[in-house]
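Hi everyone, thanks for coming. Let's have a look at this one together, and stop me whenever you like.

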Amino acid sequence: MITRKNGVLWKDMHGLPIHAHGGWILAHNGYYYWYGEDRRENFYVSCYRSRDLSDWEFCNHILTTESEMEPYRVRTKMQLKRDDGGKINLERPKVLYNEKTGKFVLWAHFENGADYREAAVAIASCRTPDGDFTYHGHFNPYGYMSRDCTLFKDDDGTAYFISASRDNADMHMYRLSDDYMNVDALIHRLWQGEYREAPAVTKIHGRYYMLSSFCTGWAPNQGKYAYADSMEGKWSSLMEIGDETTYMSQPAFILQKDGRILYFGDRWGGNGEKYFESGYVVYPLIEKDGRLSMQFTEEISL
Ligand code: DGJ
């Protein structure tokens, strides 16, 4: 167990800052793999691993400007750099393991590096959780805009991609194809006109919960959540969780471990201008009678 201060840039086991913002944790074969945005140098996504969420070991810069590119059956645009050689933007990367293909599939939010008008989905894959991922390009699912996003894998292996669409006005939910390499159906267009970002989904006692933030750039705002009895069923309306700044954070993902429901969020540095100083928070979530609450803590033991 290690106790970490919430809201600061955490360090790995060698004392170096962990750059895994807007991230995701995947449990696989005895390790937790933490993926996230790494905007330094020519990196896009970095991966760290831990046996127990306390000590983190850097594994690899799994996606960079130099990653291998490979087209596949879905028509996508292959672009890992801007025309002038600058970097594009890959935000909020999420990774699932697909049992049928044996591949780790990464979904992220793609932007051209100049503005947020592209609003597309980027896909990459790899045979190992922390290897060099192969980039398969970006596309707009069914022609829709797709910005802040998350993945969710249900107990039967069915996976969903959830992303902010129509200039963030609606939250779209797509069921993925069996190999997790494409969308198969647009299931929901949730909370139209309510402008939600940063979705994060978890399942507690058979019920599904989705947290999200409002849309205020990098500045934190009031978190809200909703629930449903099945991913494809009816979702409730949004209810507040945490305080008016979600205790100075924006959702990244939710992880359950040893009976604890852990909300991981980003505390963006100086509302974005100090992006590289952005820190992490973990706040326990409490489920009671089908309702969720968030427990503010200055420190968290992991
Ligand atoms: C809020 C999003 O949640 C972040 O991932 C990032 O896209 C910022 N907006 C950019 O302003």
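I'll talk about the ligand, and then about the cysteines.

One thing to keep in mind: this is a predicted model.

Now let's zoom in on some side chains. Take Gln250: an N or O atom in its side chain is 2.9 Å from an oxygen atom of the ligand. Arg92 also has a polar side-chain atom by a ligand oxygen, at 3.0 Å. For Trp218, the distance from a polar side-chain atom to an oxygen atom of the ligand is 3.4 Å. And how much of the ligand does the protein cover? On its own, the ligand has 300 Å² of accessible area, and the protein covers 91% of that.

Quick reminder: a disulfide is a covalent bond between the sulfur atoms of two cysteines. How many does a search of the whole structure find? The count is 0. Look at Cys47, for example: the nearest cysteine sulfur belongs to Cys59 and is 4.3 Å away. For Cys126, the nearest cysteine sulfur is that of Cys47, 9.6 Å off, and Cys126 is in no disulfide either.

Last one: are these two buried or exposed? Cys47 is buried, at a relative accessible area of 0%. Cys126 counts as buried too, with 10% relative accessibility.

Note on methods
Residues numbered from 1 in each chain as written. Predicted model: local features only at pLDDT ≥ 70, side-chain atom pairs only at ≥ 80, totals over all residues. Heavy atoms only, no water. Disulfide = S-S within 2.5 Å. Buried < 20%, exposed > 50% of the residue type's maximum accessible area, 1.4 Å probe, protein only. Polar contact = N/O pair within 3.5 Å; in protein donor to acceptor, adjacent residues only side chain to side chain. Areas by Shrake-Rupley, 256 points an atom, 1.4 Å probe, with all protein chains shown as cover.
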